[in-house]
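Thanks for coming. I have one structure to show today, and I will keep to a few points about it.

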There are 2 protein chains.
Amino acid sequence: MDASERFTELGQQLRVDSVRAAAAAGSGHPTSSMSAADLMAVLMDGGYLAWNVDDLKDPANDHLIFSKGHASPLYYSMLKAAGIIDDAELLTFRKFGSRLEGHPTPKIPPTDVATGSLGQGLPIAVGVALAGRRLDRLPYRVWCLCGDSEMAEGSIWEAFEHAAFNGLDNLTAIIDVNRLGQTRETMVGWDLDRYKARAEAFGWHAITVDGHDVNAVKAAYDEALATSGRPTVIIARTKKGKGVKAVEDQPGKHGKPLDDPEAAIAELGGERDISVRLRRPDDAKPHVFDTSGGKLPSWDVGEKVATRQAYGEALAALGSMRGDVVALDGEVSNSTHSELFREAHEDRYFEMFIAEQQMIAAAVGMQVRGWVPFASTFAAFFARAYDFVRMAAISRADLRLSGSHAGVSIGEDGPSQMALEDLASFRAIHGSTVLAPSDANQTAQLVAAMADREGISFLRTLRGKTTVRTPADEQVRIGGSRVVREGSAVAIIACGVTVDEAVEAAETLAGEGIEARVVDAYSIKPIDVETIRAAARECGRILTVEDHWAEGGLGDAVLEALAETEQSTPVHKLAVRRMPGSGSPAELLHEAGIDADSIAAAVRR
Amino acid sequence: MDASERFTELGQQLRVDSVRAAAAAGSGHPTSSMSAADLMAVLMDGGYLAWNVDDLKDPANDHLIFSKGHASPLYYSMLKAAGIIDDAELLTFRKFGSRLEGHPTPKIPPTDVATGSLGQGLPIAVGVALAGRRLDRLPYRVWCLCGDSEMAEGSIWEAFEHAAFNGLDNLTAIIDVNRLGQTRETMVGWDLDRYKARAEAFGWHAITVDGHDVNAVKAAYDEALATSGRPTVIIARTKKGKGVKAVEDQPGKHGKPLDDPEAAIAELGGERDISVRLRRPDDAKPHVFDTSGGKLPSWDVGEKVATRQAYGEALAALGSMRGDVVALDGEVSNSTHSELFREAHEDRYFEMFIAEQQMIAAAVGMQVRGWVPFASTFAAFFARAYDFVRMAAISRADLRLSGSHAGVSIGEDGPSQMALEDLASFRAIHGSTVLAPSDANQTAQLVAAMADREGISFLRTLRGKTTVRTPADEQVRIGGSRVVREGSAVAIIACGVTVDEAVEAAETLAGEGIEARVVDAYSIKPIDVETIRAAARECGRILTVEDHWAEGGLGDAVLEALAETEQSTPVHKLAVRRMPGSGSPAELLHEAGIDADSIAAAVRR
């Protein structure tokens, strides 16, 4: 067999195996797999995809991301052809306990990330390619298979812009233009030139090709390899369900097994047993950044410092202590204070501009390669990337996010800039850590702890200055809390900006003979169950105070900590309940009923 | 004065007033206002913007959306020039209680929507333009001022694609290319041709212009008006802080008042008092769709029906009963069953393809004009548009969202397709309503109730069939619940798919002499506090069961309902606590510990 015959045969095998896998599962997306089979056959057998199959964690390995994650039958068929899984495992597709889930996840190596929410694979691929170029400094390539339906996701165009801006010629996107979405034709159909014009306008080298002409596909990959200074996109005209007349280019054939898989397999020329020996990458070691040591910053008790300032200083210091820490920001680095990291470690800072989805995706891509990314923007604007955070949890990604300007206490900018749902939305991310420190010393220690934390960690920082109450040598830990003030008449549990308010209220109440305990619950998830239960036991009544909507934040975390106890402890939640406007921080905290006066009044009631 | 002198003078007035407003506030974005002042002066005084200032709700009015909401000083200065506010109110900018917030909101008419989270105004403008073309069928135009920094948001390109696909020549975008973001130059800088190529590749008519040459700007607006069949974008080269040397085109001048406002006002030629008589639109009435009457569908008790199917049938029926109901879907209408609405009312159905941000934004735009949009996709994929939903609440928008395929009970597709944080994230939206019906009759009644509901309503529907338990003539209401089974040993509170499981568990337990009450809490927010408190009082122990992460969903809503009571009621939450994979619905419900066996076992413990 010559090369083109081999490609064609491998493409048919990938189709047959896709049909078999979906038939065994009774569900799945064989037709979306069949359209891209020839593209992937040439990628594997043409020597383009470089994987050390004996060491799937080899840092020199290429990366292959199926942005169209529903083409998982094709992906798993590729793993079989490469000898990474066997045929028996292929047929466990979508079954309970199988590593081969409905959409790929890192459960099955060498899969880097979970896909299945469209439009995320390419932005993540940009992150891996950025890591390859600027962090690892290794010649691995990143290949990303996109569906044409997902080109309608804005996040794809964030990725296009960032890849070109960063000159990522180590990235190749392959768009499987099979024209048919789930229910109808896409907006662009088979107008490949329209995709080409868009890609070129965003700064990419673009190639249009017949995705079933294996020689043309090979030439396109060669052209991609030969292109320097910018990424390449191969825009391939394909047919959904290619090779089986009953489904080929037919509407209504999305996301279901073929009606007659046996006939389809026969039509595709039957089962084959082609093994592909993937090109093995040259041995190479990732770059290591020099460190200069040093220690975390600290502040004296009584100083007034914004926790966002402490975040920036701590992150910059951590960057000097650890070479694996990197920072990303959504073009607000002088607000979040990640600019302090940029100034200290410019080669490990990534400006992501106003593109929060791409920012999270880039961070996911970097942690794929073992880097320790911290991404920052206004806490409210992480909402823009919530689906990316959700998927990052499924990717088992380790991410550290810092959101500044939380709550009504930001003041005049108004509600569009106020995070009031951040604690709730991040608490609901699987395996997440949610932190809301009240002072600079807490913040610095938590930043360091986040670097070692698995999963998604979110740190909420404040625009305004708060009083340092935590001594620099006191241990602050994820899952911890501080009793700021002893008392047993009532326990006021606060976090962030409301700690200062709670202390002020407690002092006022003390003058009235009411000794309130104040707990600073800087760790919202996990929350310090023991301290909260002790407060309930010893004080009998709890008041929670948060600069956040009433749902899903500190108050709910406290309720959860007490849920299963037999003891009766009424919990009253103070939280933001009306839509705020503009005003001074003090005016808005008062209007929301979460300032010292409101707390004292609530206790008296 | 000739027209061009008048434009120039008005532009200077808008600058002066922007400087004055920010100076009075002590914060704000005057330099971002000054760059676009000439563009807006010509829009107003050139007779392009048509507003009936005597009736700001006139359906014939044009719409002006400041996608760059931080240019609010410019916007409010325009309102003053148009006679909508006076100078005294202008100077209340950003003050507590003022209608003139840091970023525009509908508090100040005729503002349609809140902006301030970048990249949202243009997609919303697409929605208003779609309403103008396909629903109202009125000749009003939609003008949208965009910043250049926000062109990095993917949502902008979703808007570009949809506007062109729908041939929205009633929409004009104006990009204020002042080149400078918050901390640095944008990725594109002043390369106007690059923006032009992108816009053209997305199907728009694009004009580049010097944004301070008022005659050229006027010619560009004329060209926009003369362009049919596609939207026009005016890409204007401007200088941030134009007109004041101390800030003009200078970095580091973002988002702060000028250091010396008096000198700046003098440099701009001093205060002026130009009043603009805006062009008044011709009288016109919006189109009204015929209705055919009919009633909501209903099902017999005992039938097995998927609630997503009930959603589609109910929505189609509602569309026959009410002409103001419209539907949008993210290219999964055969999964959400909004296809039933499309088939019945094609002229009120909007296919939004795989672009969830644009889908929500379009719905927001349509409700601006009084339409009653229902938008649907997989519940998990609303996470993609979470920031749009957050902002929609600030816009005081009335939106109805239906998310299908919730929870592990979807089975084989795996976690990327499973909504497990939807209840939590929607509960944390201000003023929201969160519904999780367990059967078809509940669903149909709730769909009708949502149409009349203010704020953001979210309905969670299920992929699989559930048993109809609610009689068709039983009232189902927002804030309600159902006691499915009486008992007093323990109360099992469930919603959606777990109601069937809870009933099965209760029947098993009854055989063991344990009479469990089962409450179907189909309304999660507001939750039926009375029924839950009664269950606590009468049963003494509560078990909540939800196909959702443990944080922020049904369990937390129940805890909140009990929080302030004096009574001690231990609440045990059954919820999904480990990352699911693929498998059958039954296998995954069992693994998550939320099936009938798990419920019964938990009660026994």
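This is a predicted model: local features need pLDDT of at least 70, side-chain atom pairs count only at pLDDT 80 or more; totals for chains, interfaces and linings use all residues.

An unreviewed UniProt entry annotates residues 305–468 of chain A as a domain, "Transketolase-like pyrimidine-binding". Over that stretch the chain is 40% helix and 21% strand.

Next, a sheet in chain A. Seven strands form an open sheet with mixed pairing, and the order across it is E8-E7-E9-E10-E12-E11-E17. At the edges are strand E8, residues 349–351, and strand E17, residues 523–525, each pairing on one side only. From one strand to the next, the twist averages 20 degrees. For a closer look, take strand E7, residues 325–329, and strand E9, residues 372–378, of chain A: they run parallel and are joined by five bridges. In that pair, Val326(A) stands opposite Pro373(A) of E9(A). As a reminder, strands of a sheet pair through backbone hydrogen bonds, either parallel or antiparallel.

Now over to chain B, and a second sheet. This one is an open sheet of five strands, ordered E14-E16-E15-E18-E19, again with mixed pairing. Its edge strands are E14, residues 482–485, and E19, residues 571–576, of chain B. Direction ignored, neighbouring strands here are turned by 25 degrees against each other on average. Inside the sheet, strand E15 (residues 490–494) and strand E18 (residues 542–549) of chain B run parallel, with four bridges between them. Ala494(B) is the residue that stands opposite Val545(B) in E18(B).

That leaves the interface. How many residues of chain B are in contact with chain A? There are 105 of them, and they touch 105 residues of chain A. The size of an interface is often given as the accessible area lost when the parts come together. Here chain B and chain A bury about 8,600 Å² between them, with 52% of it on carbon and sulfur atoms. On the chain B side, Phe96(B), Met187(B) and Arg384(B) supply 10% of the area buried against chain A, more than any other three residues.

As for polar interactions, 51 residue pairs are in polar contact between chain B and chain A, counting pairs with both residues at pLDDT 80 or more. The two chains also share 14 salt bridges. One salt bridge joins the side chains of Asp387(B) and Arg384(A), at 3.1 Å from N to O.

That is what I have; questions are welcome.

Methods. Residues are numbered from 1 along each chain as its sequence is written. Chains are lettered from A and ligands numbered from 1 in the order in which they are written. Side-chain values use heavy atoms; hydrogens and water are left out. UniProt positions are given in the numbering used here, feature names are shortened, and annotations may be inferred rather than shown by experiment. Helices (H or I, at least four residues) and strands (E, at least two) are DSSP runs, numbered from the N terminus. Two strands pair if DSSP finds at least two bridges between them. Axes are lines fitted to C-alpha atoms, for helices over the stretch in contact, and angles run from 0 to 180 degrees between N-to-C directions. Contact means heavy atoms within 4.5 Å. Buried area is the accessible area (1.4 Å probe) that two parts lose on being put together, summed over both. A salt bridge is a side-chain nitrogen of Lys or Arg within 4 Å of a carboxyl oxygen of Asp or Glu. A polar contact is a pair of N or O atoms within 3.5 Å; within protein, one must be able to donate a hydrogen and the other to accept it, and residues adjacent in sequence count only if both atoms are side-chain atoms.
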